[in-house]
Amino acid sequence: KNTFIIGGFGILCLTASLLITFGGSANFNLNILRVYEFRREAGQDLPLLMGYIFPSVAKVAAPISIVLALYIKRYFALVGSAVIVVIVFGLTHHKSVLFLSVAVTGIYILARRTRPINLLVAIFCEQCLVYRVLQVS
């Protein structure tokens, strides 16, 4: 379990480092309402290889790292992963990094505290909300 957390956190740190190395810090912005203004510029600064690496990190490594840290109660790793997720969002301007990590964390917390039918209803409502937020933005 610890190996997975260290690996996930390491992948997140490596991705953030690569993004900064290739000029992502010039477009750093945490304003969620202005992501489209910066995304094109940020994307042009990155090499083509990052287009293949980033989706895997954003949609797999980040949520797994956060949920595993919660599962084995490694709160330092949880805070570190959350901070790196926010930094990666600020560098790439992709809202999916934030929303997916929050959605998966919410599902995990609900799964630990509710009955299965309540969990399914909550997951459905959460997915509808995330879909709506992503459509509006």
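This is a predicted model: local features need pLDDT of at least 70, side-chain atom pairs count only at pLDDT 80 or more; totals for chains, interfaces and linings use all residues.
Biologist: How many helices and strands does the protein have?

Modeller: Helices (H or I, at least four residues) and strands (E, at least two) are DSSP runs, numbered from the N terminus. From that end the elements run α-α-α-α-α-α. The count is six helices and zero strands.

Biologist: How are H4 and H5 oriented to each other?

Modeller: Axes are lines fitted to C-alpha atoms, for helices over the stretch in contact, and angles run from 0 to 180 degrees between N-to-C directions. Helix H4 (residues 75–92) and helix H5 (residues 95–113) have axes 7 Å apart and pack at an angle of about 155 degrees. The two helices are therefore roughly antiparallel.

Biologist: Which residues of H5 does H4 meet?

Modeller: Contact means heavy atoms within 4.5 Å. From H4 come Val85, Val86, Val88 and Phe89, and they meet Lys95, Val97, Leu98 and Ser101 in H5.

Biologist: How many nonpolar, polar and charged residues does the contact of H4 with H5 have?

Modeller: Ala, Val, Leu, Ile, Met, Phe, Trp, Tyr, Cys and Pro count as nonpolar, Asp, Glu, Lys and Arg as charged, and the others, Gly among them, as polar. By class, the contact has six nonpolar, one polar and one charged residues.

Biologist: How far apart are the end C-alpha atoms of H4?

Modeller: The expected span of a helix is 1.5 Å times one less than its number of residues. H4 has 18 residues and should therefore span 26 Å. The model agrees with this, as the end C-alpha atoms of H4 are separated by 25 Å.

Biologist: What distance does H5 reach from its first C-alpha to its last?

Modeller: H5 has 19 residues, with 27 Å expected at 1.5 Å a residue. The reach in the model is close to that, at 27 Å.

Biologist: Is Val88 buried or exposed?

Modeller: Buried means under 20% relative accessible area, exposed over 50%, and partly exposed in between (1.4 Å probe, protein chains only). Val88 is in helix H4, and it touches Ala16, Leu19, Phe54, His93 and Val97, not counting residues up to four places away in sequence. Because its relative accessibility is 3%, Val88 counts as buried.

Biologist: Is Leu30 buried or partly exposed?

Modeller: Leu30 is in the loop between H1 and helix H2 (35–45). Leaving out residues up to four places away in sequence, Leu30 touches Val86, Phe89 and Gly90. Its relative accessible area is 45%, so Leu30 is partly exposed.

Biologist: Which residues does Pro63 contact, leaving aside its neighbours within four places in sequence?

Modeller: Pro63 is found in helix H3 and, because its relative accessibility is 4%, counts as buried. Its C-alpha is 9.8 Å from that of Phe99, 36 residues apart in sequence. With those neighbours left aside, Pro63 is in contact with Val57, Ala58, Leu100, Ser101 and Val104.

Biologist: What is the phi of Lys73 near?

Modeller: Lys73 lies in the loop between helix H3 (48–71) and H4, and counts as partly exposed because its relative accessibility is 48%. Its phi is positive, in a residue other than glycine, and is near 60 degrees.

How values were computed: Residues are numbered from 1 along each chain as its sequence is written. Side-chain values use heavy atoms; hydrogens and water are left out. Angles under 35 degrees count as roughly parallel, over 145 as roughly antiparallel, 65 to 115 as roughly perpendicular and the rest as oblique.
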